[in-house]
Amino acid sequence: RMRSWIRTAVLGVAMLATVGCVGLSSVKMSSADRAQTKTITVRADGKMPEEMFYHGMGQSVAGAFGAIGGAVGAAMAGDPKAQIIATMKSNNISLPSIVQAEFVNAMQAQNEFRLAGDGMAADAEMVLFINTYGLGQSTGFSGLYPLLNVSASLRKPDGTVVWQRTDYVTPHNKENDEVHAFSDFIEQPEVLRGIWAKAAGIVSRMLVKELSPQP
């Protein structure tokens with residue numbers, strides 16, 4: 001039991017280091033910029049991270065056997081990631097589009113800023129960047145949860161950043177409660193689309209909450 005607890009703690013620290021330590025630095029919005037910003041547009045940067053994070057059962061089992069097992073686990077991580085990426089591509093699952101849609105939903109629910117339609121002039125543009133994405137476990141032998149790190153940068157037409165924030169969700173977030181076996185994502189691509197939407201929704205609500213005036 002102690003070894004299991006230690007493995008879980010180490011997994012959590014490693015995941016936090018991977019997911020939580022990247023992204024754009026925070027910029028608070030001044031009262032003057034807030035007063036001048038009434039209408040915004042939302043756009044997701046289409047560039048995906050070069051590497052997808054993945055830590056599944058194979059890596060946990062391999063990790064239990066020391067350095068040799070760790071090398072085996074690293075080799076085993078390649079194929080699952082390739083399968084997930086291929087499934088997303090063949091089923092038109094665009095994570096940037098999902099993040100943009102969920103952020104728009106969160107903005108509409110917040111109702112502080114007016115969202116400008118396509119081609120309409122706006123006071124500022126919210127640009128979303130995906131810093132990290134992947135699948136991981138909450139414990140060494142659980143199913144897989146989504147993890148996602150997103151930066152949101154609100155910019156004036158001249159490029160000046162008036163607000164900026166990075167937030168993330170890991171398998172340890174309370175709201176992130178949908179877990180699946182790896183085979184579910186490959187055999188049922190809509191499940192994969194759904195868990196990305198779930199993670200994107202959680203992160204978007206966190207970011208939009210930070211965008212609201214703080215008491």
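Hi everyone, let me start with a term: on a 1 Å grid over the protein atoms alone, a pocket is an open set of points where a 1.4 Å probe fits, with protein on both sides within 12 Å along at least five of seven lines. A volume is the space filled by probe spheres set on those points, which are joined across faces, edges and corners.

What we have here is a predicted model, where local features need pLDDT of at least 70 and side-chain atom pairs count only at 80 or more, while totals for chains, interfaces and linings use all residues. Residues are numbered from 1 along each chain as its sequence is written, and side-chain values use heavy atoms, leaving out hydrogens and water.

The largest pocket holds about 230 Å³ of space. Its lining residues, meaning those with an atom within 4 Å of a point, include Ser 26, Arg 34, Trp 163 and Gln 214. Strand E6, residues 161-169, gives the largest share of that lining, 3 residues.

Now the overall build. The protein has 7 helices and 6 strands, taken as DSSP runs numbered from the N terminus (H or I, at least four residues, for helices; E, at least two, for strands).

And what sits inside? Of the 215 residues, 43% are buried, that is, under 20% relative accessible area with a 1.4 Å probe, protein chains only. The largest nonpolar core has 43 residues, a core being buried Ala, Val, Leu, Ile, Met, Phe, Trp, Tyr and Cys residues joined through side-chain atoms within 4.5 Å. Helix H7 supplies its largest share, 11 residues.

Methods
Buried means under 20% relative accessible area, exposed over 50%, partly exposed in between (1.4 Å probe, protein chains only).
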